[in-house]
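Thanks for asking me to go through this model with you. My notes are below as numbered points, to be read alongside the structure.

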Amino acid sequence: MGEWELEFSVAAEDDLAALDNELRQRIINKLDWFLENFDSLSPESLTGEYREFYKLRAGQWRIFYKVNWQQKTITVHYIDPRDKAYRKR
């Protein structure tokens with residue numbers, strides 16, 4: 001197992017900052033778990049206009065991310081509620 005790094009885009013940082021403390025902590029806990037277990041997971045790729053992203057579910061929230069396999073970095077791009085996540089920004 002290798003060490004993966006987690007990065008956030010400016011949009012993802014803004015999305016996270018806009019959440020209330022309890023929800024923000026739940027998302028952070030999910031991302032911590034995700035990072036620790038990434039080597040044993042199968043990323044869920046998206047299709048259509050979001051095909052360059054993968055998604056992570058956190059309850060009713062979706063976390064869109066990209067993976068740089070060579071540098072072992074995961075970049076979170078968006079954090080949105082499920083009903084808004086698939087609308088183009």
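**Notes on the model**

1. Let me start with Lys55: leaving aside neighbours within four places in sequence, Lys55 is in contact with Glu44, Leu46, Arg62, Ile63, Phe64, Tyr65 and Tyr86. Contact here means heavy atoms within 4.5 Å. Lys55 is found in strand S3, and it counts as buried because its relative accessibility is 14%. The classes are buried for under 20% relative accessible area, exposed for over 50%, and partly exposed in between, with a 1.4 Å probe and protein chains only.

2. A word on the basis of these notes. This is a predicted model, in which local features need pLDDT of at least 70 and side-chain atom pairs count only at pLDDT 80 or more, while totals for chains, interfaces and linings use all residues. Residues are numbered from 1 along each chain as its sequence is written, and side-chain values use heavy atoms, with hydrogens and water left out.

3. Now the overall layout. The chain has three helices and five strands, and along the sequence they follow the pattern β-α-α-β-β-β-β-α. Helices (H or I, at least four residues) and strands (E, at least two) are DSSP runs, numbered from the N terminus.

4. How does the radius of gyration of the chain compare with that of a compact globule? With 89 residues, such a globule would have a value near 12 Å, and the chain agrees, at 12 Å. The radius is taken over C-alpha atoms, and the globule rule is 2.2 Å times the number of residues to the power 0.38. Along the principal axes, the C-alpha atoms fill a box of roughly 35 × 30 × 20 Å. Among contacts between residues at least 6 apart in sequence, 50% join residues at least 24 apart.

5. On to the interior. Of the 89 residues, 35% count as buried. The largest nonpolar core has 18 residues, of which Ile27, Phe38, Trp61, Ile63, Tyr65 and Ile79 touch the most other members. Helix H1 (10-17), helix H2 (21-37), strand S3 (54-58), strand S4 (61-68) and strand S5 (73-81) each supply at least two residues of this core. Apart from it lies another core, of five residues, among them Leu46, Tyr50, Phe53 and Ala85. A nonpolar core is a set of buried Ala, Val, Leu, Ile, Met, Phe, Trp, Tyr and Cys residues joined through side-chain atoms within 4.5 Å. In soluble globular proteins, nonpolar side chains tend to be buried together.

6. Not counting residues up to four places away in sequence, Phe38 touches Trp4, Pro43, Tyr65, Val67, Trp69 and Ile74. Ile79 is found in strand S5 and is buried, since its relative accessible area is 2%.

7. Which loop would I inspect by eye? Both Gln71 and Lys72 lie in the loop between S4 and S5. Lys72 has a positive phi of about 55 degrees although it is not a glycine, and at 27% relative accessibility Lys72 counts as partly exposed. Gln71 counts as exposed, at 58%.

8. Gln71 and Trp4 are 67 residues apart in sequence and 8.4 Å apart in space. Asn37 and Trp4, 33 residues apart along the chain, are separated by 9.7 Å. Asn37 lies in helix H2 and is partly exposed, with a relative accessible area of 23%.

9. Finally, the surface and charges. The chain exposes about 5800 Å², and carbon and sulfur atoms supply 45% of it; accessible areas come from the Shrake-Rupley method with a 1.4 Å probe, and for residues only the protein chains shown count as cover.
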